[in-house]
Every structure is written in structure tokens, then in C-alpha cells.
Amino acid sequence: MEVKAIRLRDLVQDVVTQVAPEELPLVAGLAGFDDATAVRRLRGRDRRREPLGFGLGEVAALVTPVVWLALDQAVQRILGTWVDQVITGTGTTLRRLFRRPVSEPVTIPPLTPEQLALVRESVLTMAARRGLEPERATVIADAVVTRLVLVEAETDGTPELPGPDTPDAPDRPQRPDRPDAPNEP
């Protein structure tokens, strides 16, 4: 079975598209940065320039930073220091080769139910810190967990049911009274 992971930034974009499509320009603005830089900018620690056209004070109650920062925090807790060591070792080697910092995209592997609960709690906590209403926070957390579950469902090997447009759909004989309509079961 192939284990499929989703890039953190793709998950953020999927969730923002679903619950706050008006924030897609913010996600697009962050697309030019590596994940580590995007996290620093969303946390407000990197204020040399504001390429998004506004200060980070205005993004405090937006969905994008809540989702991105909560997922980053949860992934760090779930995957632990092993990922940090691998990325640090790889990054050090690449920096030596190219003389510039390199950040690998953060990916989220399929998660256990306990890990999904941790992600949900992380989103709810971050949303509360960022001033979102509890109802809105719950919608966002549920959207994140749903998307993560869908990633796992895509990789669990469950065959798709054939539909009318699927090449694997059985050919139905034509009805004798209507040659253009298939027989009904």
C-alpha cells in the first residue's frame, strides 16, 4: 500500500478554500516563501519587509495563520525530533553546496485517530489565541481534520465504485422500447 502524505501548504490552501476563500490572496502571497519563512512571517517574527501589502497585525483573526501555525505546531509535536534531525542534516549539506538556507516542504503523513485529535485541539487552541469565535474555530478544526481523513481515505486502497462515466462500469443492455436508454435494474 502506498502511503500518501500531503504538503502542509496544500492542506492550508484546501482548508482556506473551503472555509475562507476570501483569504486565498494571502495564501498565494505566502506561496513564494518556503514553509519555515511562511511560519516566521505568520508568527510576526520576520518584519523586515511586508511583501503581502499589509502589516501582520491585520492577519491576527484570519483563518490562514490559524491553520498554518496550528498545523506546523501539531506536525512538530507528532513527528518530533526525528524530522528536525533529518531536515537539519539535509539542510546543512545543501547549504554547504549552495551557500543559502534551504527548507524542505513540510508534509503530513496519514495520522492515527489520536494524532487527528491532537491536530484538532491544536487548531482550536490557536484559533482561541488569535481571537476567533469558538463556533468559527470549530468549523475550521473540523475542516482540517476532514481533509486529513480524506488524504488517508485516498491511500487506504479502497477501490472506487464504477460510475456511469467510469470505463469499468458494466455495459447495460439497451431497453427494447427505448434504444437510447439502458435497462433499469
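The model is predicted: local features need pLDDT of at least 70, side-chain atom pairs count only at pLDDT 80 or more, and totals for chains, interfaces and linings use all residues. Residues are numbered from 1 along each chain as its sequence is written, and side-chain values use heavy atoms, with hydrogens and water left out.

Arg-120 forms a salt bridge with Asp-142, the closest N and O atoms being 2.9 Å apart; the term denotes a side-chain nitrogen of Lys or Arg within 4 Å of a carboxyl oxygen of Asp or Glu. This pair links distant parts of the chain, with Arg-120 in helix H5 and Asp-142 in helix H6, 22 residues apart. Helices (H or I, at least four residues) are DSSP runs numbered from the N terminus, as are strands (E, at least two). Asp-142 is likewise partly exposed, at 34% relative accessibility.

The structure holds five salt bridges in total. Another of them joins the side chains of Arg-9 and Asp-35, with an N to O distance of 2.7 Å. Here too, distant parts of the chain are linked: Arg-9 belongs to helix H1 and Asp-35 to helix H3, 26 residues apart. Arg-9 counts as buried at 13% relative accessibility, and Asp-35 is also buried, with a relative accessible area of 4%. A further salt bridge brings together the side chains of Asp-10 and Arg-7 (3.1 Å, N to O). Asp-10 is partly exposed at 29%, and Arg-7 is partly exposed at 34%.

Nonpolar residues were examined next. A nonpolar core is a set of buried Ala, Val, Leu, Ile, Met, Phe, Trp, Tyr and Cys residues joined through side-chain atoms within 4.5 Å. The largest such core has 42 residues, and those with the most contacts inside it are Leu-71, Ile-108, Val-144 and Leu-148. At least two residues of this core are supplied by each of helices H1 (8-19), H2 (24-30), H3 (35-43), H4 (63-98), H5 (113-129) and H6 (134-155). The largest share, nine residues, comes from H4.

The surroundings of Ile-108 were examined through its contacts (heavy atoms within 4.5 Å). When residues up to four places away in sequence are not counted, Ile-108 touches Ala-5, Ile-6, Leu-8, Leu-11, Leu-71, Val-75 and Leu-148. Among these partners, Leu-71 and Leu-148 are themselves listed with Ile-108 among the residues with the most contacts inside the core.

How values were computed:
Buried means under 20% relative accessible area, exposed over 50%, partly exposed in between (1.4 Å probe, protein chains only).
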